[in-house]
Amino acid sequence: MKKSSNRSMILTQKLEGISKKIFERYKKKVIQYIGNKPGVYALYDEKELYYVGRASDLAKRVNHHLKDRHSALWTHFSVYFTKKVQYVNDIEAVIISIAQPKGNKVNPRLGKEKKLKDILRKAIKESHQEELRELGLGRKKRVDSKKKNNNRPNLKNYFEKRTPLRKIYKGKTYRATLLKSGKIKYKKKLYNTPSPAANAIVHKHSPNTAVNGWHFWFIKDSENNWVKLSDLD
C-alpha cells in the first residue's frame, strides 16, 4: 500500500486485487492493515468489476460482504481511502455511472442530468432551425411586433451592473455587454436595442438576413444558465 505525499489528492491510499480467500484466512491481519478508514471499495468476479460501494469503515463493510447476498458473486476486492468522508458519495456515484457494475441495481443521483439534457436538446433544436432558415427551408414565424415589443422588459436599469451577453453563431462565440443604460455594446459600438447588435454579426455572413435580437442573444438567468434574452421575466 503506497502512501501519496501529495496533500491535495482526494485519494490517500489504496489496496488492490486482494482475493477473498486471503481476506477470509487472514481476516484480522487484513482488517488491522486497512483500519477503519472511509473510502470506496470494488468487488470483482475474477477480473470483472461486479460491485462498487462506499463506506465510512472499509474493513467492516468488505467483511459484511462475506455473508450478504453478494457473498458468492465476488472473488477479489480493492479499497481506496479518501482524505475526507464527504468525498466518498461523489466518487462512488461517478464510478457506478461510468462502469455500470451488474451488482449495483440502483444508479446513484449524480448532478442535474435531466436539466442539462433539456438545455442541450433545446440548443440543438434552435441551431437546426436556424440552419434551415439560412438555407431558405425554414418556416418563418409571424409575430405581431407591436404586441411583442409591449411585452418586452425595459432594459434600462434592468440590471444593476454591466451584464455579459453571448451567442454561438456559425461555430463561433460572440460576446457583447448589456449596459445599465439598456444599450448593448459590441466591439466598442453601442446599439440601442438587441436586434441591431445581433444583425451586426449576422450581416457579416448573410447580408440579406435579419434576426430578432431578443431571440439571438443569450444571457445568464438567476440559476447561472444561459437563456435567451427574450426569456427575461
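Among the elements of the protein chain in this predicted model, strand 2 has the highest mean pLDDT, at 96, whereas helix 6 (residues 145-150) has the lowest, at 47. Over residues 143-150 the pLDDT is below 50, and beyond near neighbours in sequence this stretch has two contacts in the model. Where pLDDT is low, the predicted coordinates should not be read in detail. The protein chain averages a pLDDT of 83, with 84% of the residues scoring at least 70.

**Strand 4 and its partners**

- Strand 4 is largely enclosed by the rest of the structure, because five of its seven residues are buried.
- Strand 1 runs antiparallel to strand 4 and is joined to it by six bridges; in strand 4, H76 is the bridge partner of S19.
- Strand 2 also runs antiparallel to strand 4, with six bridges joining the two, and here L43 stands opposite F77 of strand 4.

**Helix 4**

- Helix 4 (residues 88-99) has 12 residues and should span 16 Å at 1.5 Å a residue, which agrees with the 16 Å that separates its end C-alpha atoms.
- The buried residues in helix 4 are V88, I91, E92, A93 and I96, and what covers them includes strand 1 (11-19), strand 2 (39-45), strand 3 (48-55) and strand 4 (76-82).
- As background to such a pattern, an α-helix has 3.6 residues a turn, so residues three or four places apart point the same way.
- Just after helix 4, Q100 takes a positive phi of about 50°.

Definitions and conventions: Residues numbered from 1 in each chain as written. Predicted model: local features only at pLDDT ≥ 70, side-chain atom pairs only at ≥ 80, totals over all residues. Heavy atoms only, no water. Helix = DSSP H or I, 4+ residues; strand = E, 2+ residues; numbered from the N terminus. Expected span 1.5 Å × (residues − 1). Buried < 20%, exposed > 50% of the residue type's maximum accessible area, 1.4 Å probe, protein only. Contact = heavy atoms within 4.5 Å. Pairing = 2+ DSSP bridges. pLDDT = per-residue confidence, 0-100.
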